[in-house]
Amino acid sequence: MTPLSVLDLSPVAVGSDPAQSLRNSLDLAQHAERLGYNRLWLAEHHNMRGIASAATAVVIAHVAAGTSKIRVGAGGIMLPNHSPLMVAEAFGTLASLHPGRIDLGVGRAPGTDQITAQALRRNLDQDINGFPQDVVELMGYFREPEPGQRVIAVPGAGLKVPVWILGSSLFGAQLAAALGLPYAFASHFAPAEMERAIEIYRARFEPSEHLDRPYVMLGLNVFAAATDAEARLLQTSQQQAFVNLRTGKPGPLPAPVENYEETLDLHAKAILRQALSCSVVGSPETIRTGVQDFIQRTGADEVMVTGQIFDHAARIRSYEILADVMINPDAVLRSGSLS
């Protein structure tokens, strides 16, 4: 069975606040662990009123402390915002507190706009070679220190925290292949180059001390409910948030709206059609068929599911339905119900 995992942006819904979102993230992680999901990742974004996971390592600590088995990690840390040493220390600390459960996915985007990137005090003039060099430096801090090594990550040294390369273009695929690292592609919001990126990664993969064969995890939006119509309504919150972001009006996650797409102009419809094409929306049987088709079409080694759903209880139920049909189908057949 292809493992399924969870990507949580810790969404801040209209009328709610970050404190509630962070409590919801822990609740989601506890449900995901019980349901048999492989891992739960949180993502670094800044200056976004609809996302509460900006201090990603802190949120990971919160979630990992409230769970016991599920892997918890970053999907990802935006490495241009941080020094490799500080990331190594933070994730070395997490790995020391929660041995064998921490993942570190890294990306080369800032996770925000240019003004906020400047407020983060990153070097906006760094060259394109900076990210690969930073990744190599970061991984070096997780190895056993060399004799005479003057800078050591404490905690971090010798812990071999698993590092993943994240990407939405061909650059990450090439880097992950060259370094022999697992690769996570952001097909849940940038699917245009997914197939080509997978092809390049697998063709150019160099076995390493980290991985002996390519391993691809793909993002997939899933909105599951009792009926197709109910699931489509749940999806409208994400659709609104995405259109708002792409048109320069980001904000908290909106409540669902009936017939939302009918209100959009052709440009907005094209945005959704292109960006969110890797989505499965519907009733349990629709979800089963759609997720199976996605896995068969892509050959994904793992699928990381996300769903920006306004009501937290409906979000939990969506993940329960997905688990019922894909992770624990035998238990469902014994109970005789998906409701």
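This passage describes the fold of a predicted model and the surroundings of selected residues. Residues are numbered from 1 along each chain as its sequence is written, and side-chain values use heavy atoms, with hydrogens and water left out. Because the model is predicted, local features need pLDDT of at least 70 and side-chain atom pairs count only at pLDDT 80 or more, whereas totals for chains, interfaces and linings use all residues.

The chain contains 12 helices and 9 strands, assigned as DSSP runs (helices H or I, at least four residues; strands E, at least two) and numbered from the N terminus. The radius of gyration, taken over C-alpha atoms, is 20 Å, which agrees with the value near 20 Å for a compact globule of 339 residues; the globule rule is 2.2 Å times the number of residues to the power 0.38. The C-alpha trace spans about 65 × 50 × 40 Å along its principal axes. Of the 339 residues, 51% count as buried (buried means under 20% relative accessible area, exposed over 50%, partly exposed in between, with a 1.4 Å probe and protein chains only).

Contact is defined as heavy atoms within 4.5 Å. Among contacts between residues at least 6 apart in sequence, 73% join residues at least 24 apart. The accessible surface comes to about 15400 Å², of which 53% belongs to carbon and sulfur atoms; areas were computed by the Shrake-Rupley method with a 1.4 Å probe, and for residues only the protein chains shown count as cover. There are 27 positive and 34 negative side chains, and the centres of the two sets lie 0 Å apart. Lys and Arg count as positive and Asp and Glu as negative, while His and the chain ends are not counted; the charge is placed at NZ of Lys, CZ of Arg, CG of Asp or CD of Glu.

Helix α11 (residues 312-326) has 15 residues and reaches 21 Å from its first C-alpha to its last, close to the expected 21 Å, where the expected span is 1.5 Å times one less than the number of residues. Since 13 of its 15 residues are buried, α11 is largely enclosed by the rest of the structure.

In helix α10 (residues 284-298), E285 is partly exposed at 43% relative accessibility, and its C-alpha atom is separated by 9.5 Å from that of T227, 58 residues away along the chain. I287, also placed in α10, is buried with a relative accessible area of 0%. Beyond neighbours within four places in sequence, I287 contacts V222, F223, A224, V280, V281, G282, L322 and V325.

Most residues other than glycine have a negative phi, and most peptide bonds are trans. S10, in the loop between β1 (4-8) and α1 (18-35), has a positive phi near 50°. S10 is buried at 0% and touches residues including S21, G50 and S53. N47, in the loop between β2 (39-42) and α2 (56-65), has a positive phi of about 60° and is exposed at 58%. A cis peptide bond joins G75 and G76, with omega about 10°; G76 lies in strand β3 (residues 71-78). A cis bond also joins V154 and P155, with omega about -5°, and P155 lies in the loop between α5 (130-141) and β5 (163-167).
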